[in-house]
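Please read the following note with the sequence and the model side by side. The points go from the overall fold to individual residues and then to confidence.

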Amino acid sequence: MSELQIILVDDGSTDNSLEICRQLQKNDTRIEVFHQENQGASAARNKRNAVANAEWVMFVDSDDWLEENAVQTLAKKHLMQIVISIMG
């Protein structure tokens, strides 16, 4: 799905989350990684909202689970462009 925009916001994690995000970004041009000092979930969501450029946005938090092809199935069913925001 080339029309997919994936936004990863690292909100000051103290583990290796940022490095994992950057490695994923190297392998997928649809992924955008943003790092900020810990400001909480609201600030991370605000960052995501500032850079998202699609009609529909799907929120995925670090403790959420998506079935394989969930985004593709949703997009095909509704013929929409989706931004996925993964917050952790």
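1. From the N terminus on, the elements of the protein chain follow the order β-α-β-α-β-α-β, which comes to three helices and four strands. Here helices (H or I, at least four residues) and strands (E, at least two) are DSSP runs, numbered from the N terminus. Residues are numbered from 1 along each chain as its sequence is written, and side-chain values use heavy atoms, with hydrogens and water left out. This is a predicted model, in which local features need pLDDT of at least 70 and side-chain atom pairs count only at pLDDT 80 or more, while totals for chains, interfaces and linings use all residues.

2. Of the 88 residues of the protein chain, 33% count as buried, where buried means under 20% relative accessible area, exposed over 50%, and partly exposed in between (1.4 Å probe, protein chains only). The chain exposes about 5900 Å², of which carbon and sulfur atoms supply 49%; accessible areas come from the Shrake-Rupley method with a 1.4 Å probe, and for residues only the protein chains shown count as cover. Among contacts (heavy atoms within 4.5 Å) between residues at least 6 apart in sequence, 74% join residues at least 24 apart.

3. Strand β1 deserves a careful look, since seven of its seven residues are buried. In a regular strand the side chains alternate between the two faces of the sheet. In β1 both faces are covered, with Gln 5, Ile 7, Val 9 and Asp 11 buried on one side and Ile 6, Leu 8 and Asp 10 buried on the other. β1 and β2 pair in the parallel sense over six bridges, pairing being assigned if DSSP finds at least two bridges between two strands; the bridge partner of Asp 11 in β2 is Gln 36.

4. The largest nonpolar core has 10 residues in all, namely Leu 4, Ile 6, Leu 8, Leu 18, Cys 21, Ile 31, Val 33, Met 58, Val 60 and Val 71. At least two residues of this core come from each of β1 (5-11), α1 (17-27), β2 (31-36) and β3. A nonpolar core is a set of buried Ala, Val, Leu, Ile, Met, Phe, Trp, Tyr and Cys residues joined through side-chain atoms within 4.5 Å. Not counting residues up to four places away in sequence, Cys 21 touches Leu 8 and Val 33.

5. How many salt bridges are there, if one is a side-chain nitrogen of Lys or Arg within 4 Å of a carboxyl oxygen of Asp or Glu? The count comes to two salt bridges. In one, Arg 30 meets Asp 28, with the closest N and O atoms 2.8 Å apart; Arg 30 is partly exposed at a relative accessible area of 24%, whereas Asp 28 is buried at 18%. In the other, the side chains of Asp 61 and Arg 45 meet at 3.3 Å, N to O. Asp 61 lies in strand β3 and Arg 45 in helix α2, so this pair ties together parts that are 16 residues apart in sequence.

6. Asn 53 sits in the loop between α2 (41-51) and β3 (56-61) and is exposed, with a relative accessible area of 55%. Asn 53 and Gln 5 are 48 residues apart in sequence and 8.0 Å apart in space, C-alpha to C-alpha.

7. The mean pLDDT, the predictor's confidence in each residue from 0 to 100, is 82 for the protein chain, and 85% of its residues reach 70 or more. Among the elements, α1 has the highest mean pLDDT (94) and strand β4 (residues 82-87) the lowest (53). Where pLDDT is low, the predicted coordinates should not be read in detail.
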